[in-house]
Amino acid sequence: MSAHTTIFDLSRPGRRAATLPANDVPDLEPSEPIPAELLRSSPAELPEVAEIDLVRHYTRLSTLNYGVESGPYPLGSCTMKYNPKVNERLSALEGFRGLHPYQPDDQVQGALLLMKRLEGWLCEIAGLHAATLQPAAGAHGELTGLLLMRAYHVAQGRSPKTIIIPDTAHGTNPASVVLAGFTALSVQSDERGGVDMDALRSVVDDDTAGLMLTNPNTLGLFDEHITEIAELVHEAGGLLYYDGANTNAVLGRSRPGDMGFDVVHFNAHKTFGTPHGGGGPGAGPVVVRDILEPFLPVPVIVEASGGEDGGEDVALRFEYDRPRSIGKMRTFYGNFGVLVRAYAYIRSLGAEGLRRVSDMAVLNANYVLEGVRDLFGVPYDRRCMHEFVVSGEPLRQYGVKTLDVAKRMLDHGVHPPTTYFPLIVPEALMVEPTETESKESLDRLIGVFRAVVEEAESDPDLLLEAPHELPVRRLDEVRAVRQPVLRHQASSD
Amino acid sequence: MPHSDEDVRDMLAAVGATSVDDLFHEIPAHVRLDRPLDLPEGLSEDELFGEVAALAARDVPASELVSFLGAGVYDHYVPAVVDAIVSRSEFLTAYTPYQPERSQGVLQSIFEYQTAICELTGLDVSNASLYDGGTAVTEAVFLAAARTRRDGVVVGAGVHPEYRRVLRTETAGCAPDGCGGAIVEVPCHEGLTSMDALREAVDEQTAAVVLQCPSFLGGLEPMAEAATVAHDAGALFVAVVDPVSLGLLEAPGQYGADVAVGDAQPLGQPMSYGGPHLGFMAVPSKLTRLLPGRLVGRTVDAGGAPGYVLTFQTREQHIRREKATSNICSNQALNALAALVYLGWLGKQGLPELATLCSRKADYLRRRLLEVPGVESFTQGPVFREFAVRLPVPAADVVAALEPRGILAGLDAGRFYDGFDDILLIAVTERRTREQMDAFAEALAAYLATATGGGTA
């Protein structure tokens, strides 16, 4: 079997894995037969394989992959921390995974109570007042938050159009802004890596609907002017949106609400330790100041008053009758299975544990920065928070780019950092070790950085042609676009 | 968190800090939190398990009841092989495959998933998955608006009411290329959309015609005819379909759909109180560059060997920022893997068998219920796995009355449609036995005899 054999290549006519229950109803002519023109004309060519074929094929594919359990994963702004095993066991309980979203409220009180408590904890962590657990991911939370801001302005009889975004922001920010019907206005950073206050003052005006900020920002730096920024935007009638991607830096240390933010999204899969799943599912709960609460998506979980809706055993119920609500962001109530894990994460750590998460995340980032600062350019030489950004520019003298460093790190058995982001740092390497890496693991990571930079000096081709030790060598992404092959074809081999 | 006190001391010394507090001095004092967060004390693993399991025990999972609830989420059996594969940590704990050379497992699985969705839908290109069915419909409308440079949407009332609500919410801000224009809803009659009404609703500003088959109320819509109506007006036809139904019903690509979307929950995803599930989307090749979300392609490595990468990334937010086709930066990769393994488990023969089994059982239950005095047919014509009946009493009363017997009778359609309080929507998967269906019919008959006979109706 070659390395790229697909499940479709393994297909053999007549082979199967599924066992289905026998048909136990009388074999009658259907009372209303489906007309021939609505019936499928040719079957979907799904693979015909035995269960062992399935298991061996996907087990083999899994060995070509790399997860947090494989080794260090210092991918900046992605917070690849360890995902506790017990949380998997909890989310798999039949009382959670077997629930149908339209079951009567009296049958789902455990699920509602779990979500209600989680909302309360997220409000406390954010320093704000009300929450929705509906958004399916961080970017979806951004769109939700921006639509809430829009609804707020409309309710005030205003329609400001501009959302200000620093040039260090995640790409999702401007994309979400446009989707919400606003215009994105980029503002530059100052020499300390924070928002340039003069530049900000020059763009804030009556048309300012709000500002989106990640704090600490994607440089891993805390914006010291945050209160001033908030005052400036609020005075103009705008609102402040907190992109919670970097909350892992400040749990129990500082709260977005206290910084002046009005809307926050959390990434449950980053901050609260739920697995990333190779790109999802995530969860992007949104927490807001009281002025935005009336606009939250429906339904919201409320206490049943014991009136006509509930008997004695109904303590909580979903409330849909919210005339000022923006509506619904998702078909049902959120990625509930992910929320169960986030609940378990916060509950097991408590206030003290959560603060230790950020303490150790920040310590680890600073430790790695100390270990590699002489190898790279350090564009903003400040105390970093949970992540830091260095520049691979000094390696250009050997003809080596950041991309080559990343590819060679793969050969050394670790996952490389985020590269070429944020955009304002040339040849950027963005490193976020997370709190769950031990000192030995961090020393190993530092050692890999050092070894790769030494190789860049002594044998740059080793980097330029990396990776060498992996199932595939460097892949041709240009060809993937020019000669697109986006599905398996029976004749393609 | 692995650090010992000694580790912390050593590391603080290495970074030149006197204490952990010292690491946070760049946060201005007035925005530092000067008290512990007001959260419950942390728990040991055993205590945690006890508390959370107690919450789960307060729920009555539909999967353990005799459930006829569907309405977009279906109680199909999830085989063990699906759980076994998706719980492998190399899949579970990986990030989005930004380093393709070390992510061939997830990349190839998405490529295979895309292939399976193309096969199901009869279309050329599938993306790597979306959040869910409702958001997939919204993304399809954005795509149609970008393609046609129009802003009108005509959507059948037989499209899942919550998908329509998501569509209205998420397009409120308007969107790329001016979508967010009028959304016109075409009423459906006994589960089917009137083609005459559809023809009247479309005009030269219509970007997309959106119809669901089977409809929310179970009708098998005339999709080919609707596609013609859309195309005659220069609009794209968006088909919202159930993936299991495609074992029996015609593929959207065969009746002229430009975009096929839906929720793939029925493919090996636990109901999980509504999420995480996944949305799917497939289009003809000519629309590839307008697809939202991740897309995996096959290419070659430096030595000429095949491999997989994320491709057409210039559509995406991390490159295009405010000019992206969508703000999406994830997919539901693990759910897509589950759907793929499930489809591999069913295979070419199993999918039509499953679809036929569901449809036979649904037909049987419909017959049985229509024999119950007072119960009338509602959904017109043939059905697949779900149908609605008209009751002589409010549907909510029937649902409540059968609940103590461990039967979830279905969905009160009045929840979503004005004047439908007496309509009950009933789904039948392969997990329902003849015995359970007979018991349901008998319990319904007994209840109606009391309720209507006693003059309380």
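User: Which residue in β5(A) is the bridge partner of Leu211(A)?

Analyst: In this predicted model, strand β4 (residues 208-213) of chain A is joined to β5(A) by four bridges, and the two strands run parallel. Within that pairing, the bridge partner of Leu211(A) in β5(A) is Leu240(A).

User: Which helix makes a β-α-β unit with β4(A) and β5(A)?

Analyst: The strands β4(A) and β5(A) run parallel, and together with a helix they make a right-handed β-α-β unit. That helix, residues 226-235 of chain A, is α8.

User: In β4(A), which residue is the bridge partner of Ile163(A)?

Analyst: Strand β2 (residues 162-166) of chain A pairs with β4(A) in the parallel sense over three bridges. β4(A) is itself mostly covered, with six of its six residues buried. The bridge partner of Ile163(A) in this strand is Gly210(A).

User: In β7(A), which residue is the bridge partner of His265(A)?

Analyst: Four bridges join strand β5 (residues 239-244) of chain A to β6(A) in a parallel arrangement, and there His265(A) is the bridge partner of Asp243(A). β6(A) is also joined by three bridges to strand β7 (residues 286-288) of chain A, and these two run antiparallel. In β7(A), the bridge partner of His265(A) is Val286(A).

User: Which residue points the one way from strand β6 together with His265(A)?

Analyst: In a regular strand the side chains alternate between the two faces of the sheet. In strand β6 (residues 263-266) of chain A, Val264(A) and Phe266(A) point the other way from His265(A), and all are buried. The residue that points the one way with His265(A) is Val263(A).

Conventions: Residues numbered from 1 in each chain as written. Chains lettered and ligands numbered in written order. Predicted model: local features only at pLDDT ≥ 70, side-chain atom pairs only at ≥ 80, totals over all residues. Buried ≥ 20, exposed ≤ 12 C-beta atoms within 10 Å, placed from the backbone. Pairing = 2+ DSSP bridges. Right-handed = clockwise from strand over helix to strand, strands pointing away.
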